[in-house]
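Please read it alongside the sequence and the coordinates.

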Amino acid sequence: MTQSLLLTPQFCSPEQLIRDDILALSPYELHDAQGMVKLDAMENPYRLPFQATAEIGAAAAHVALNRYPDSQGSQLKEALKAAMLVPKDMDILLGNGSDELIQIIAMALAKPGAVLMSVEPSFVMYQRIALYAGMRYVGVPLEGDFALRRARLLSAIAEHRPAVLFLAFPNNPTGNLFERSAVLQTLNANPGLTVLDEAYHPFAQTTFMDELPHHPNLLVMRTLSKLGLAGLRLGFVAGRSEWLAQFEKVRLPYNVSAFTQVAAQMALRDAEVLKTQAQTICADRDSMLRELRSCDRVEVFDSAANFILFRVPRADEVFSALKARGILIKNLNHSHPMLQNCLRVTIGAAEENRRFLLALIESLNEIR
Ligand SMILES: *Cc1c(COP(=O)(O)O)cnc(C)c1O
């Protein structure tokens, strides 16, 4: 018998096996930031003091790398609850970043036809994760100034009965805080779960965390990423254990690495340093808001976060001109009809902000 007579299967192509909705997706776009002033991803420009990272390094040397991490992350949970003022009687669930928590919640709720609702424009991962999990996504438009459209949102809730509503507070990519009374009204009208995503809490000075005991279907989500620990990948969601115990079943047992557990606990001891950094960033945001408002042909939106959304003429060209000058920000033009000609800049260190502003003025003059 010759080799050629053995049956060789007709191997399937990716197009044959991968879900149509995944094939149709474009990859999550990330630009190469090598050598650039990186103001695209809401990172804290400041590192922890070397002393602190050296101590984390020393503690990492004691981590038993041959063992799986503590699946419950019990010590870390206690440290987080204390540091983030989680009301007693409330539980928390740990995620490999809060992106993973959105995914866990969506997977657990994805009954056939179940709806994941958010507002638009908002954090793009809500829609993407709804698709990954096979949930139906409904996006309710915000007002022109990106405020909540109460009546529209309430009627969308009544019509679609979402299993979960995600609201980012402050909102990304717009930077604004929704009116507290509008959020409360929505929360009280939604029979499903409401997740308030407080990723930008370190810069907003306001929270719904203390509302948790008063609302059975409220969850409050936080992350350490924007606070200055994006490399760690750690987020948590706080709420009633009735909910979290169910989500816990969907969480992969060792999703938070042993290094992350140790490093996060140690970094939380430097909470004062992180808090001071956040205060600096807020002050720099406010001066950046003033500077941008004084620029001709720039429309600036208010921000309670560590980034600013603004609109310019011919945003694609401005974005490229900035890039050519070594400044990487986020181009939101084409990402949503309400974000036409909008760009988003993260607040960096003072020198980075200055370079950005100079480059922006030059770029605007160039395309005049
Ligand atoms: C950045 C961001 C997150 C995700 O942060 P992780 O790094 O995954 O913890 C979640 N929600 C919003 C609104 C964000 O902007």
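A nitrogen atom of the ligand lies 2.5 Å from an N or O atom in the side chain of Asp197, a polar contact being a pair of N or O atoms within 3.5 Å; within protein, one must be able to donate a hydrogen and the other to accept it, and residues adjacent in sequence count only if both atoms are side-chain atoms. The model is predicted, so local features need pLDDT of at least 70 and side-chain atom pairs pLDDT 80 or more, whereas totals for chains, interfaces and linings use all residues. Residues are numbered from 1 along each chain as its sequence is written, and side-chain values use heavy atoms, with hydrogens and water left out.

**Ligand site**
- An oxygen atom of the ligand is 2.6 Å from a polar side-chain atom of Ser225.
- The ligand taken alone exposes 390 Å², of which the protein buries 94% (Shrake-Rupley method, 1.4 Å probe; for residues, only the protein chains shown count as cover).
- A backbone N or O atom of Ser98 is 2.6 Å from an oxygen atom of the ligand.
- The ligand is surrounded by 13 residues, the closest being Asp197, Tyr200, Thr223, Ser225 and Lys226 (a heavy atom within 4 Å).
- This shell comprises four nonpolar, five polar and four charged residues (Ala, Val, Leu, Ile, Met, Phe, Trp, Tyr, Cys and Pro are nonpolar, Asp, Glu, Lys and Arg charged, and the others, Gly among them, polar).

**Largest pocket**
- The space taken by the ligand is the largest pocket (more than half of the ligand's atoms lie within 2 Å of its grid points).
- A pocket is an open set of points on a 1 Å grid over the protein atoms alone, with protein on both sides within 12 Å along at least five of seven lines; a cavity is a set where a 1.4 Å probe fits but cannot get out, and lining residues have an atom within 4 Å of a point.
- The largest pocket holds about 1400 Å³ of space (the space filled by probe spheres set on the points, which are joined across faces, edges and corners).
- Among its 49 lining residues, Tyr28, Phe123, Val124, Lys330 and Arg344 lie nearest the centre.
- Helix H6 (124-133) gives the most to this lining, with five residues (helices are DSSP runs of H or I, at least four residues, and strands runs of E, at least two, numbered from the N terminus).

**Other spaces**
- The second largest pocket contains about 500 Å³, and helix H13 (271-293) supplies the largest share of its lining, six residues.
- One cavity of 30 Å³ or more is counted, and the largest cavity has a volume of about 40 Å³.
- Residues lining the largest cavity include Asp70, Arg251 and Tyr254.
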